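Subject: Structure for you to look at, with notes on its aromatic contacts

Dear colleague,

I am handing over the structure we spoke about, together with some notes on its aromatic side chains. Please read the notes with the structure open beside them.

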Amino acid sequence: MRRWPPSHSVRLQRSNYLLSQRRPYSVPGLAQKLAHERDASRPSPVPAGPHQPNPLSRPDPYVILKPQLDTLREKLLGLLGSAHPTLTDIAKYYFLHPSKQLRPLLILLFSCATNGLGRDWDLKKWAAECEGASGRGDELDRPLSRPDVLNDWNPSMPDHTASFSTVFSLVSPRRPLPPMSPPPRRPLSDPLALAHDTSPLPTQTRLAQIVEMIHVASLLHDDVIDHADLRRGAASAPTAFGNKYTILGGDFLLGRASAALSRLGESEVVELIASVITNLVEGEILQLNKVAQQSAALVGASHVGSDSWNIYLKKTYLKTASLMAKGARAAVVLGGAREGELWKEVAYAYGRNLGIAFQLVDDVLDYESGEAALGKPGGADLQLGLATGPALYAWEEHPEMGALIARKFEKEGDVELARDLVRRSSGVERTRELAHAYADKALETLQHLPESEARIALEVLTERVVKRTW
């Protein structure tokens with residue numbers, strides 16, 4: 001019987017439409033037992049509204065939200081302007097190349113799948129429609145402080161910035177706006193149902209832009225750390241602009257994202273997204289330390305310890321899944337979900353499992369796909385001294401892999417030998433199965449939501465994440 005790491009001994013039964021496509025898990029009877037317990041504990045789904053789609057339809061998530069994604073990308077570029085042209089060029093550089101836009105798509109789909117379910121939905125909808133309530137799209141572009149306080153001198157914005165050629169004079173404070181009268185909160189006795197118009201709110205669309213800015217900032221920093229030459233099929237930012245400008249460009253993106261985040265008006269959302277930035281740094285430090293730990297602790301080891309798996313999956317969450325999980329949860333908060341409501345928990349659980357599945361497939365593709373498919377060199381993980389899922393599984397079957405991992409594949413021929421050991425093992429297949437297990441859990445989590453076109457699109461997206469070859 002195949003041995004799985006302790007933290008992955010429990011596997012969920014595949015959904016019916018995926019189960020027939022591959023062999024069952026190797027732990028006899030366990031999947032069936034878990035499926036029975038899952039069905040017994042699952043709450044009844046919330047009834048769908050009158051817009052319930054044909055259950056047989058399988059919407060393409062990118063097609064149904066293409067107008068929103070196109071507009072999101074166009075307006076996002078408008079948030080990245082700077083008085084320094086080089087900084088503007090770096091900040092926009094990766095946005096101008098084709099990308100999967102997975103994270104914005106996830107935010108928008110979860111918004112559509114949950115808007116109307118939260119107790120504060122009426123308040124959020126009112127803020128999005130009422131002038132002066134700070135939730136309209138044009139209001140999200142207005143700074144909370146005066147523009148000349150936020151921005152340094154910009155000749156193209158003479159009315160909104162102050163020149164440094166003269167002393168700065170005291171400015172009279174602005175007259176505060178009269179307070180708005182929001183609608184009453186929905187009574188607890190009112191039934192919950194999806195909103196008739198489930199389009200994302202302006203705040204949720206802005207959140208999707210913020211999440212993408214943070215993601216691209218992390219790519220800029222990663223490409224410096226990893227000495228990457230390619231990104232998205234083109235020269236990486238460090239190759240095009242140099243390391244110093246690339247680091248500053250990433251910092252600039254984080255600054256712009258933080259300013260946009262403050263205007264969403266939700267403290268919980270600020271906390272969630274700020275913690276994502278912390279997680280990204282923690283994940284990078286863990287990855288750097290992991291390489292050192294392997295060299296110190298794994299010399300002579302002939303088997304895979306649970307610590308290796310725990311570090312690998314923790315790093316995967318911090319660097320990849322955290323942004324998806326907390327971004328989805330933040331979208332539901334912006335849609336009016338309050339503390340104690342299930343929808344926030346569904347969003348986080350789905351995003352966490354989907355994010356880990358996504359990265360596991362990425363780690364598989366690093367062995368399977370070439371540079372043309374990935375838009376970056378294949379085999380990069382081994383070149384960086386990193387042992388991902390396929391290598392850890394190969395270590396279980398080929399003890400000699402342990403010595404290669406311990407010395408970080410530094411000797412001549414180590415990378416080629418490691419790739420050969422992975423190829424002669426079931427490491428790639430088992431890593432894909434592990435990705436499927438996380439995707440299964442994400443699909444299971446979605447069943448708590450009412451049926452809708454957006455929920456089905458999330459199911460389609462989940463399937464694509466684990467089947468993709470790019």
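This is a predicted model: local features need pLDDT of at least 70, side-chain atom pairs count only at pLDDT 80 or more; totals for chains, interfaces and linings use all residues.

In the pair formed by Tyr93 and Phe241, the ring centres are 5.2 Å apart and the planes stand at 90°, which is over the 60 degrees required, so the pair is edge-to-face. Tyr93 counts as buried because its relative accessibility is 15%, whereas Phe241, at 25%, counts as partly exposed. Together with Tyr94, Tyr93 and Phe241 form one aromatic cluster.

The pair of Phe110 and Tyr350 has its ring centres 5.5 Å apart and its planes at 45°, and it is therefore classed as tilted. Because Phe110 lies in helix α6 (residues 102-114) and Tyr350 in helix α15 (residues 342-368), this pair ties together parts that are 240 residues apart in sequence. Both Phe110 and Tyr350 are buried.

Two arginines also deserve a mention. The charged end of Arg352 sits over the ring of Tyr317, at 4.6 Å from the centre of that ring, while Arg468 lies over the face of Phe358, with 3.9 Å to the ring centre.

Note on methods: Residues are numbered from 1 along each chain as its sequence is written. Side-chain values use heavy atoms; hydrogens and water are left out. Rings of Phe, Tyr and Trp (its six-membered ring) pair if their centres lie within 6.5 Å; planes under 30 degrees apart count as stacked, over 60 as edge-to-face and the rest as tilted. Buried means under 20% relative accessible area, exposed over 50%, partly exposed in between (1.4 Å probe, protein chains only). Helices (H or I, at least four residues) and strands (E, at least two) are DSSP runs, numbered from the N terminus. A charge sits over a ring if NZ of Lys or CZ of Arg is within 6 Å of the ring centre and within 35 degrees of the ring normal.
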